[in-house]
Amino acid sequence: MTLGEKLYYYRKRTQLSQDAVAEYLTVSRQAVSKWENDQSRPDTDNLIKLASLYNITLDELITKKQPIPSIKKEKCCYCHKNAVFYYDHQPFCSPSCQNDYEVEMRSIQKNLKWFYIGIAAGVIVMFIGAFYPDSLWQSRLVGGSMFELGTIIVLFPYCTPQSYEMFGFKKTKVIGRIIGMITELIGLAIYFFG
């Protein structure tokens, strides 16, 4: 990814216009346009100000995204298309995939405790149901907890890093949701048919 592409990406990510960036740096809008189109380069002072404006380090602006060597065929960790650059040691095919991936990772971190609580509750209820003396309640408890586990997996389709690497983040979420729905169906079958 060229410096111009990075400048364009970070400007769009911060939702600033070329005019706003130009005003901040006290340069013309045309200068910002030339930088983004790789027709010229900003001086060191302006690079420092741009990094500050985009809330990134100067290192990220200049060197963070390294082109992937052509020998190594990497796949984007979000959509699993051919990757074009690395960001934080993760391969991506476009800045939008990188942004979507970061949003998804923040969401996972935010909801992880609910995932663990739901899984723990389902396992505890299933364990109680497995040893319950009444066969009707046994099937209800086990079936209900299986359905609950399936629902948790549908809501939070978190998978292993290996599956993300193999299929990409988007496909892995779909696979996780399908597994969750199958688990729900098995739970309903146990609940109603024992």
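**Helices, cores and cysteines in a predicted model**

In helix α7, the buried residues are Ser-139, Val-142, Gly-143, Ser-145, Met-146, Leu-149, Gly-150 and Ile-152. The packing partners of the buried α7 residues are α6 (95–130) and α9 (169–193).

Buried in α9 are Phe-169, Thr-172, Lys-173, Gly-176, Gly-180, Thr-183, Glu-184 and Gly-187. Glu-184 has a relative accessibility of 15% and so counts as buried. Beyond its neighbours within four places in sequence, Glu-184 is in contact with Phe-147, Gly-150, Thr-151 and Val-154. One of these, Gly-150, is itself among the buried residues of α7. Lys-173, also in α9, is buried with a relative accessible area of 18%. With neighbours within four places again left aside, Lys-173 is in contact with Glu-104 and Pro-157. Just after α9 ends, Gly-194 adopts a positive phi of about 55°.

Not every glutamate is tucked away. Glu-165, in helix α8 (residues 161–167), is exposed, with a relative accessible area of 68%. Glu-165 and Trp-137 are separated by 28 residues in sequence and by 41 Å in space, C-alpha to C-alpha. For Glu-184 and Cys-79, the separation along the chain is 105 residues, while their C-alpha atoms are 27 Å apart.

In soluble globular proteins, nonpolar side chains tend to be buried together. The largest nonpolar core of the model has 16 residues, and the members touching the most others are Leu-7, Trp-35, Leu-50, Tyr-54 and Leu-61. Two or more residues come from each of α1 (3–13), α2, α3 and α4 (44–53), with α1 giving the most, 4 residues. Leu-61 shows what such a position looks like: not counting residues up to four places away in sequence, it touches Leu-3, Lys-6, Leu-7, Tyr-10, Leu-47, Leu-50, Ala-51 and Ile-56.

The side chain of Gln-18 is joined to that of Glu-36 by a polar contact of 2.8 Å. Leaving out neighbours within four places in sequence, the contacts of Gln-18 are Arg-11, Arg-29, Val-32, Ser-33 and Glu-36.

How many disulfides does the model have? The count comes to 0. For Cys-76, the nearest cysteine sulfur belongs to Cys-79 and lies 3.9 Å away, and Cys-76 is in no disulfide. Cys-77 is likewise in no disulfide; its nearest cysteine sulfur, that of Cys-76, is 5.4 Å away. Both residues are hidden from the surface: Cys-76 is buried at a relative accessible area of 1%, and Cys-77 counts as buried at 11%.

The mean pLDDT of the chain is 84, and 91% of its residues reach 70 or more. Confidence is highest in helix α3 (residues 29–36), at 92, and lowest in strand β1 (residues 85–87), at a mean of 68. Over residues 66–71 the pLDDT is below 50, and this stretch has 10 contacts in the model beyond near neighbours in sequence. Where pLDDT is low, the predicted coordinates should not be read in detail.

Key:
Residues numbered from 1 in each chain as written. Predicted model: local features only at pLDDT ≥ 70, side-chain atom pairs only at ≥ 80, totals over all residues. Heavy atoms only, no water. Buried < 20%, exposed > 50% of the residue type's maximum accessible area, 1.4 Å probe, protein only. Contact = heavy atoms within 4.5 Å. Disulfide = S-S within 2.5 Å. Polar contact = N/O pair within 3.5 Å; in protein donor to acceptor, adjacent residues only side chain to side chain. pLDDT = per-residue confidence, 0-100. Core = buried A, V, L, I, M, F, W, Y, C linked by side-chain atoms within 4.5 Å.
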